[in-house]
Structure formats: structure tokens, C-alpha cells
Amino acid sequence: MNRNSVLSFFDVHWLLSITIASIAVLQFGVFSTLGLVLYGVLLAYNFVGIILNCKNKRINWTFTFVTGAGYFLYYIFASLFNGNFIDIASVLFQYLLIFIISFFIRDEKYIEKDFLSLAKILTISGLAMAVLSILLAVFSTAFPDFFSSLPDYEVFYELKKRTCNIAVDRLVGFGGNPITTAFYCYVSVAFSIYLLSRTVRFAWKITALCNFIISSFTISFLARSRTYMGALATFLIIYFFIYYCVINKDNPRKWKNFKIILTLAFILFALFLILFFVSSEFKSFILNDVLRIQNINTIGNREYIFENSLAAGDGHRLFGINTREFEKEVAYHTHNMYLEILTFGGVPSLVLFMLYTVSAIIVSVKNFIFKNHISQVCLVINCLALAYIISYLVGGISEPGAVRSMRIAFPVYNTMIATVCVIRANSINSETLPFKKYKLHTEK
């Protein structure tokens, strides 16, 4: 392998693909010490990659980039100030590196290549998360004594924590708990929808469709996460509205497909309603097990955590508080993304987070308004990004959003934010130069 072949693995495309794929695999949580070593290698790989890319690529220095980088840097400083290096700062540093990598300006054809790769990686990993989690739960339900007889090794201990009695319990899954497993599946479904929109390969369409069905079923009826049911529904509504009613509003074939999708959705919803009102057992399952209406008034007993999170951070609004003290006194996390940032990073962190998030949403909307110099495929990526960002913010109302823990969803969130800004930068440059309509990559 020559020097150029080695250096190619430090290109933005490979940096994003390898990093996201590594985090996706490591989030299965059974790698213990090896996983920590691999995270360290990933940090070094990203850091070196940024240095090498600075030689021949330009970072998109925008308001979104400055406020986003400011958010990570301030949150890292606040974490170090509070003694949260292992808990937060190391994770945030990895997130910062991914954020910077995603802001390197590259042509539309390379952005398309990046997202096709990410869509395939996350579709496969989401399918693996859902299917393996279900198989583990079914096996542990059928043979409950098997896992108790395993040797006392760390890998088996981690595996035991992911078992459950699927006949009566919510699916724990390889995410380690129902919410984390559902969170992972939600991200994968978003990219499977994008893959269905872009690829023409039958095998990938079937794979993406399988992941959409199985992961959506896992979120709704097995892990039974109300938060990510809501986030997924938000994503689907925004994505399909923009994709069909904005991007493809003048495309008869796309509108025909849209009508078919709406018809199928209506039929499924009608069948659901019939089953709901005809079967008392199904109705009870939906109300008591899926929606859990018995604790809906207290948002799943989160009111106590919200109130105590605000009380714990009172008087510490500049830099936040120590995570271990909070976990000891209140809960493992605040059950709210905005409270999570405020409690552990202080007011400046929350302000910077909102600034770079809102500015990215504005940029994404601008991309649709001033779309004459943006290719069709980048408009679809922009659609994916906007739907993902907003649905992610919706999910953050009742879950912490992984802003201080290593989960696949937050690096993807920041990659989306960076990409809409890069698309906008390319569009602005095209306004003063002859615009080249790139021949879009089509898989055959």
C-alpha cells in the first residue's frame, strides 16, 4: 500500500464513514475495555484527519460553525471545571472533531457520496440492532437459565444486562435499555428513508424497507418509546411533505408514488383503528403498555427529575455542576436535552447550542428558498437534514439527546447541521460562477 492509498483514508468521506460506522458498532456496548481503546484510536484518527485536510480543504467559517464550535469548547471547559473529564469532556471532544470534519467544504458529488455511504452504514447497523435485540430477547425468554450459567466474564455480564422477558417486559436490546435501543433505531430509520429515496439498487431498497419496518416496529411495540415514536412521526411528516410537495411538486411520477404511500398509510391506520376498537386486549396493550397512559400526566414520572434538575443547578448557571453528584442525588440524567446542557454546561452552553441549531435551521430553509444553484440530490439531503434536526429537537423534550454520552444520534445531528451549511456555501459560490449541474451518482 503506497503513501497516497494511506492518505486517502484521511479524506473527509472516509473520516465520516469510518467514524460513524465505528460509533454505530461500539454502541452495541459489549466491547468493554476494547471499546474504550477503540474510542481513543478514533479520537487520534479524527484529529490527524483534520490536520491533513486543512492543507488542501477549506472549513466553512460561518456563524453556525463559530457558535457550534463555541458550544463544544465552552461545554468542554465547563466539564473540566466541574471535574467531569471522563463523564463529558472526552465525549464532547470527539463530537467537536466530527463537527469540524463535517464543515470542510466539498463538492456536491462528494456530499452525495458521503450520505449514500452513511445511509448504507446506518441502515445495516439499524437492522442489526433491531434484529439481534429481538433474537436475544426471544432466546432469553425461551431459555432463561442459559445466561445465568455463563462464565463470569465481562462480555457475558454486559450481554446479560441486555436480556429481558419479551413476553411481559419492554425490549432492552443491545442499546442497554429500551430508550437507547429505540434512539438508535430512530436514527437508522431516517437514513433508510433517505436510501429509499435515492438508490435504484433493488437489494438496497429491500434492505432499507426491511429496516424501516423492523426498526419502526421495535420503537413502537417492543421498546415502546413514546419519545422516539413522536420523533419518528415528526421526521416522517416533515421529510415526506418537503420531498413530495416542495422538491418534487412538478414530478408526476413522484406524485403518483406519494398518493400510493398516503393510501397505504391510510389503510394501515384504518386497520389499526378497527383492531383498537374491536379487540379489548389490543386496546389495553396500546393504552397501558405502549402509551402507558397510567403515568402520562407526570410524563413518565419525569416531573420529579425536571424539578430537581432545576434545583440542583441553581447557583451554578455559569459552568453547571458535577455529573456524579447529580447522579447520586437525583437521577442518571435530566430526561430533557435542554436541561441536560443547562445543568452540566451552564447557561452559555445552552445559548450557544440554541444559536447554532436555530441558525442551521434558517440556513436549511434558505437552501429551499434559493434552490436554483443546488442540485436535486443536495435538496434531498437538505430535506433529510431539516427533518432530522427538527425531529431530534422534539425527542430532546423528554430525553437527554446524548449530548454528554456517546450515542450515534448526536454526531449524525452535527453532521446534518454542517452539511446544510456546506450546501449553502456551494450555492452562494455558484451564484457568482457558471453553475455546473453535476451528473448525479446513480447506482446500477
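Okay, ground rules. We're looking at a predicted model, where local features need pLDDT of at least 70, side-chain atom pairs count only at pLDDT 80 or more, and totals for chains, interfaces and linings use all residues. Residues are numbered from 1 along each chain as its sequence is written, and side-chain values use heavy atoms, with hydrogens and water left out.

Let's start with the core. By nonpolar core I mean a set of buried Ala, Val, Leu, Ile, Met, Phe, Trp, Tyr and Cys residues joined through side-chain atoms within 4.5 Å. Buried is under 20% relative accessible area, exposed is over 50%, and partly exposed is in between, using a 1.4 Å probe and protein chains only. The largest core here has 129 residues, and those with the most contacts inside it include Tyr186, Tyr388, Tyr392 and Tyr413. Helix H17, residues 376-395, gives the largest share of this core, 14 residues. Helices, by the way, are DSSP runs (H or I, at least four residues), numbered from the N terminus.

So who does Tyr413 touch? Skipping residues up to four places away in sequence, Tyr413 touches Phe353, Tyr356, Thr357, Tyr388, Ile389, Tyr392 and Leu393. Contact here means heavy atoms within 4.5 Å.

Now a helix pair. The axes of H9 (residues 178-198) and H10 (residues 202-222) come within 8 Å and cross at roughly 150°. That makes H9 roughly antiparallel to H10, a label used for angles over 145 degrees. Axes are lines fitted to C-alpha atoms, for helices over the stretch in contact, with angles from 0 to 180 degrees between N-to-C directions. In the contact between them, H9 brings residues including Tyr186 and Val189, and H10 brings residues including Trp204 and Phe212. By class, that contact has twelve nonpolar, seven polar and one charged. Nonpolar covers Ala, Val, Leu, Ile, Met, Phe, Trp, Tyr, Cys and Pro; charged is Asp, Glu, Lys and Arg; the others, Gly among them, are polar.

Last, two single residues. Asn426 sits in helix H18, residues 409-432. Buried or exposed? Asn426 is buried, with a relative accessible area of 12%. Beyond its neighbours within four places in sequence, Asn426 contacts Ile105, Arg106, Asp107, Glu108 and Ile111.

Leu318 is in the loop between helix H14 (302-313) and helix H15 (323-329). Leaving out residues up to four places away in sequence, Leu318 touches Tyr74, Gly345, Gly346 and Pro348.

Terms used: Helices (H or I, at least four residues) and strands (E, at least two) are DSSP runs, numbered from the N terminus. Angles under 35 degrees count as roughly parallel, over 145 as roughly antiparallel, 65 to 115 as roughly perpendicular and the rest as oblique.
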